[in-house]
Amino acid sequence: MQLTKKLISLATLCAAVTIHSGVANAEMTEAGKMAMKAAGKIMFEQRCESCHADDPERKAYGPSLLGVVGRKAGSLEGFDYSDAMKKSGITWNLDTLRAWMADNQDFLPGTRMRHVSIHDKAEQDFLLAYINSLSKK
Ligand code: HEC
(Lines give C-alpha, C1' and ligand atoms only; values in the text may rest on other atoms or scores of the structure.)
Protein backbone atom coordinates (compact mmCIF):
# COMPACT_ATOMS: atom_id res chain seq x y z
CA MET A 1 0.00 0.00 0.00
CA GLN A 2 2.86 2.31 0.89
CA LEU A 3 4.50 1.57 -2.47
CA THR A 4 1.20 2.08 -4.25
CA LYS A 5 0.87 5.53 -2.72
CA LYS A 6 4.44 6.43 -3.60
CA LEU A 7 4.00 5.29 -7.18
CA ILE A 8 0.75 7.13 -7.61
CA SER A 9 2.14 10.36 -6.22
CA LEU A 10 5.26 10.02 -8.37
CA ALA A 11 3.18 9.40 -11.46
CA THR A 12 0.83 12.25 -10.58
CA LEU A 13 3.80 14.55 -10.33
CA CYS A 14 5.13 13.42 -13.71
CA ALA A 15 1.71 13.79 -15.26
CA ALA A 16 1.26 17.24 -13.75
CA VAL A 17 4.62 18.42 -15.05
CA THR A 18 3.87 17.06 -18.51
CA ILE A 19 0.31 18.35 -18.66
CA HIS A 20 1.33 21.80 -17.49
CA SER A 21 4.04 22.02 -20.08
CA GLY A 22 1.29 21.23 -22.61
CA VAL A 23 3.16 18.51 -24.46
CA ALA A 24 1.56 15.38 -23.02
CA ASN A 25 4.06 12.54 -23.17
CA ALA A 26 6.31 14.09 -25.80
CA GLU A 27 8.90 15.28 -23.32
CA MET A 28 8.36 12.84 -20.51
CA THR A 29 11.48 11.03 -19.44
CA GLU A 30 11.70 7.24 -19.58
CA ALA A 31 11.41 7.16 -15.79
CA GLY A 32 8.26 9.27 -15.98
CA LYS A 33 6.71 6.96 -18.57
CA MET A 34 7.57 3.90 -16.47
CA ALA A 35 5.96 5.53 -13.43
CA MET A 36 2.79 6.27 -15.42
CA LYS A 37 2.57 2.66 -16.58
CA ALA A 38 3.25 1.31 -13.09
CA ALA A 39 0.49 3.50 -11.64
CA GLY A 40 -1.81 2.43 -14.50
CA LYS A 41 -1.12 -1.23 -13.77
CA ILE A 42 -2.19 -0.72 -10.17
CA MET A 43 -5.37 1.00 -11.31
CA PHE A 44 -6.01 -1.77 -13.82
CA GLU A 45 -5.60 -4.43 -11.13
CA GLN A 46 -8.04 -2.63 -8.86
CA ARG A 47 -10.66 -1.41 -11.34
CA CYS A 48 -10.57 -3.68 -14.40
CA GLU A 49 -8.75 -6.94 -13.80
CA SER A 50 -11.61 -8.63 -11.97
CA CYS A 51 -13.27 -8.87 -15.41
CA HIS A 52 -10.50 -8.26 -17.96
CA ALA A 53 -7.38 -10.31 -18.44
CA ASP A 54 -4.34 -8.56 -19.83
CA ASP A 55 -3.40 -12.00 -21.10
CA PRO A 56 -5.49 -13.60 -23.88
CA GLU A 57 -4.81 -17.11 -22.58
CA ARG A 58 -6.71 -16.42 -19.40
CA LYS A 59 -10.48 -16.78 -19.47
CA ALA A 60 -12.24 -13.80 -18.00
CA TYR A 61 -15.75 -12.40 -17.77
CA GLY A 62 -14.86 -9.55 -20.12
CA PRO A 63 -12.84 -9.53 -23.37
CA SER A 64 -9.03 -9.43 -23.14
CA LEU A 65 -7.66 -5.91 -23.42
CA LEU A 66 -4.35 -7.05 -24.85
CA GLY A 67 -4.02 -5.18 -28.15
CA VAL A 68 -7.26 -3.25 -27.62
CA VAL A 69 -5.83 0.08 -28.88
CA GLY A 70 -6.60 0.21 -32.59
CA ARG A 71 -9.09 -2.66 -32.35
CA LYS A 72 -12.65 -2.41 -33.57
CA ALA A 73 -15.07 -2.61 -30.64
CA GLY A 74 -16.73 -5.98 -30.18
CA SER A 75 -14.39 -7.78 -32.56
CA LEU A 76 -12.50 -10.25 -30.39
CA GLU A 77 -13.31 -13.68 -31.74
CA GLY A 78 -15.10 -16.03 -29.37
CA PHE A 79 -16.32 -13.35 -26.98
CA ASP A 80 -20.07 -12.94 -26.60
CA TYR A 81 -20.52 -9.17 -26.85
CA SER A 82 -23.75 -7.25 -26.40
CA ASP A 83 -25.55 -6.22 -29.58
CA ALA A 84 -24.85 -2.61 -28.66
CA MET A 85 -21.11 -3.29 -28.66
CA LYS A 86 -21.17 -5.32 -31.89
CA LYS A 87 -23.07 -2.60 -33.71
CA SER A 88 -21.30 0.37 -32.16
CA GLY A 89 -18.86 1.12 -34.99
CA ILE A 90 -16.35 2.34 -32.38
CA THR A 91 -12.63 1.86 -32.80
CA TRP A 92 -10.68 1.90 -29.55
CA ASN A 93 -8.13 4.66 -29.37
CA LEU A 94 -6.99 6.92 -26.56
CA ASP A 95 -10.00 9.25 -26.99
CA THR A 96 -12.70 6.57 -27.12
CA LEU A 97 -11.07 4.68 -24.24
CA ARG A 98 -11.00 7.86 -22.16
CA ALA A 99 -14.71 8.46 -22.82
CA TRP A 100 -15.41 4.81 -22.04
CA MET A 101 -13.71 4.82 -18.65
CA ALA A 102 -15.32 8.16 -17.74
CA ASP A 103 -18.84 6.76 -18.22
CA ASN A 104 -19.15 3.62 -20.32
CA GLN A 105 -22.91 3.35 -20.06
CA ASP A 106 -23.47 6.89 -21.23
CA PHE A 107 -20.92 6.40 -24.02
CA LEU A 108 -22.55 3.18 -25.22
CA PRO A 109 -26.08 2.60 -23.89
CA GLY A 110 -26.90 -1.11 -23.84
CA THR A 111 -23.38 -2.33 -23.06
CA ARG A 112 -23.13 -5.30 -20.73
CA MET A 113 -20.13 -3.86 -18.91
CA ARG A 114 -20.92 -2.69 -15.42
CA HIS A 115 -20.84 1.07 -14.98
CA VAL A 116 -17.40 2.56 -14.43
CA SER A 117 -16.75 6.24 -13.88
CA ILE A 118 -13.16 7.33 -13.70
CA HIS A 119 -13.29 11.08 -14.13
CA ASP A 120 -9.91 12.09 -12.78
CA LYS A 121 -7.79 13.01 -15.78
CA ALA A 122 -4.56 11.85 -14.15
CA GLU A 123 -6.11 8.47 -13.31
CA GLN A 124 -7.34 8.18 -16.89
CA ASP A 125 -3.82 9.01 -18.12
CA PHE A 126 -2.31 6.27 -15.96
CA LEU A 127 -4.76 3.66 -17.18
CA LEU A 128 -4.30 4.73 -20.77
CA ALA A 129 -0.51 4.53 -20.43
CA TYR A 130 -0.85 0.97 -19.16
CA ILE A 131 -3.50 -0.16 -21.67
CA ASN A 132 -1.48 1.40 -24.48
CA SER A 133 1.60 -0.53 -23.37
CA LEU A 134 -0.43 -3.77 -23.62
CA SER A 135 -1.05 -3.00 -27.26
CA LYS A 136 2.57 -2.56 -28.21
CA LYS A 137 3.87 -5.96 -27.17
C1 HEC B 1 -17.74 -6.15 -13.84
C2 HEC B 1 -16.89 -6.56 -14.95
C3 HEC B 1 -16.11 -5.50 -15.68
C4 HEC B 1 -15.28 -4.52 -15.15
C5 HEC B 1 -14.94 -4.24 -13.68
C6 HEC B 1 -14.70 -3.82 -16.30
N7 HEC B 1 -15.18 -4.35 -17.46
FE8 HEC B 1 -14.73 -3.71 -19.35
N9 HEC B 1 -16.06 -5.06 -20.14
C10 HEC B 1 -16.81 -5.98 -19.41
C11 HEC B 1 -17.72 -6.69 -20.30
C12 HEC B 1 -18.72 -7.77 -19.90
C13 HEC B 1 -17.48 -6.15 -21.60
C14 HEC B 1 -18.25 -6.48 -22.88
C15 HEC B 1 -19.35 -5.43 -22.96
C16 HEC B 1 -20.37 -5.59 -24.08
O17 HEC B 1 -20.29 -6.54 -24.88
O18 HEC B 1 -21.26 -4.71 -24.14
C19 HEC B 1 -16.44 -5.15 -21.46
C20 HEC B 1 -15.88 -4.43 -22.52
C21 HEC B 1 -14.83 -3.54 -22.43
C22 HEC B 1 -14.15 -2.92 -23.54
C23 HEC B 1 -14.45 -3.17 -25.01
C24 HEC B 1 -13.50 -4.26 -25.51
C25 HEC B 1 -13.73 -4.77 -26.91
O26 HEC B 1 -13.19 -5.84 -27.22
O27 HEC B 1 -14.43 -4.12 -27.71
C28 HEC B 1 -13.17 -2.11 -23.03
C29 HEC B 1 -12.21 -1.24 -23.81
C30 HEC B 1 -13.23 -2.24 -21.58
N31 HEC B 1 -14.26 -3.12 -21.24
C32 HEC B 1 -12.40 -1.57 -20.71
C33 HEC B 1 -12.47 -1.65 -19.32
C34 HEC B 1 -11.63 -0.92 -18.41
C35 HEC B 1 -10.51 0.04 -18.85
C36 HEC B 1 -12.00 -1.24 -17.15
C37 HEC B 1 -11.46 -0.72 -15.84
C38 HEC B 1 -11.51 0.72 -15.67
C39 HEC B 1 -13.12 -2.19 -17.26
N40 HEC B 1 -13.37 -2.42 -18.59
C41 HEC B 1 -13.79 -2.77 -16.19
C42 HEC B 1 -16.73 -6.19 -18.04
C43 HEC B 1 -16.05 -5.38 -17.14
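1. The protein contains six helices and zero strands, and the order of elements along the sequence reads α-α-α-α-α-α. The model is a predicted one, and each value quoted in this note should be read as computed from that model. Of the 137 residues in the protein, 22% are buried. Among the contacts with a separation of 6 or more, 50% are accounted for by residues 24 or more positions apart.

2. Helix α2, which covers residues 30–47, has 18 residues, and the distance from its first C-alpha to its last is 25 Å, close to the 26 Å expected at 1.5 Å a residue. The buried residues of α2 are Ala35, Met36, Lys37, Ala39, Gly40, Lys41 and Met43, a list that includes the lysines Lys37 and Lys41.

3. Helix α6, formed by residues 121–134, has 14 residues and reaches 20 Å from its first C-alpha to its last, close to the 20 Å expected at 1.5 Å a residue. Within α6, the run Gln124, Asp125, Phe126, Leu127, Leu128, Ala129, Tyr130 and Ile131 is buried.

4. How do α2 and α6 meet, and at what angle do their axes cross? The two axes come within 7 Å and cross at roughly 95°; because angles of 65 to 115 degrees count as roughly perpendicular, α2 is described as roughly perpendicular to α6. On the α2 side the contact is made by Met36, Lys37, Ala39, Gly40, Lys41, Met43 and Phe44, while α6 contributes Glu123, Asp125, Phe126, Leu127, Ala129, Tyr130 and Ser133. Sorted by class, this contact of α2 with α6 has eight nonpolar, two polar and four charged residues.

5. Met43 lies in helix α2, and it counts as buried because it has 22 C-beta neighbours inside 10 Å, where 20 or more are required. Once its neighbours within four places in sequence are left aside, Met43 is in contact with Glu123, Phe126 and Leu127.

6. Ile42 and Leu127 are 85 residues apart in sequence, and their C-alpha to C-alpha distance in space is 8.7 Å.

7. The ligand is surrounded by 28 residues, of which the closest are Cys48, Cys51, Gly62, Ser82 and Met113. The elements giving two or more residues to this shell are α3 (83–86) and α4 (94–102), and α4 gives the most, with three residues. By class, the shell around the ligand comprises 19 nonpolar, six polar and three charged residues.

8. Where is Leu66 placed, and which residues does it contact? Leu66 is found in the loop between α2 and α3, and it counts as partly exposed because it has 18 C-beta neighbours inside 10 Å. Leaving aside neighbours within four places in sequence, Leu66 is in contact with Asp54, Asp55, Pro56 and Leu134; of these, Leu134 belongs to the residue range of α6, 121–134. Leu66 and His52 are 14 residues apart in sequence, and 9.3 Å separates them in space, C-alpha to C-alpha.

9. Gln105 has its place in helix α5, which is made of residues 104–107. With 15 C-beta neighbours inside 10 Å, Gln105 counts as partly exposed. Not counting residues up to four places away in sequence, Gln105 touches Thr111 and His115. Gln105 and His115 are ten residues apart in sequence, with a C-alpha to C-alpha distance of 5.9 Å in space.

Note on methods. Residues numbered from 1 in each chain as written. Predicted model: local features only at pLDDT ≥ 70, side-chain atom pairs only at ≥ 80, totals over all residues. Helix = DSSP H or I, 4+ residues; strand = E, 2+ residues; numbered from the N terminus. Buried ≥ 20, exposed ≤ 12 C-beta atoms within 10 Å, placed from the backbone. Contact = placed C-beta atoms within 7 Å. Expected span 1.5 Å × (residues − 1). Near = placed C-beta within 6 Å. Nonpolar A, V, L, I, M, F, W, Y, C, P; charged D, E, K, R; others polar. Axes fitted to C-alpha atoms, helices over the stretch in contact; angles between N-to-C directions. Parallel < 35°, antiparallel > 145°, perpendicular 65-115°, else oblique.
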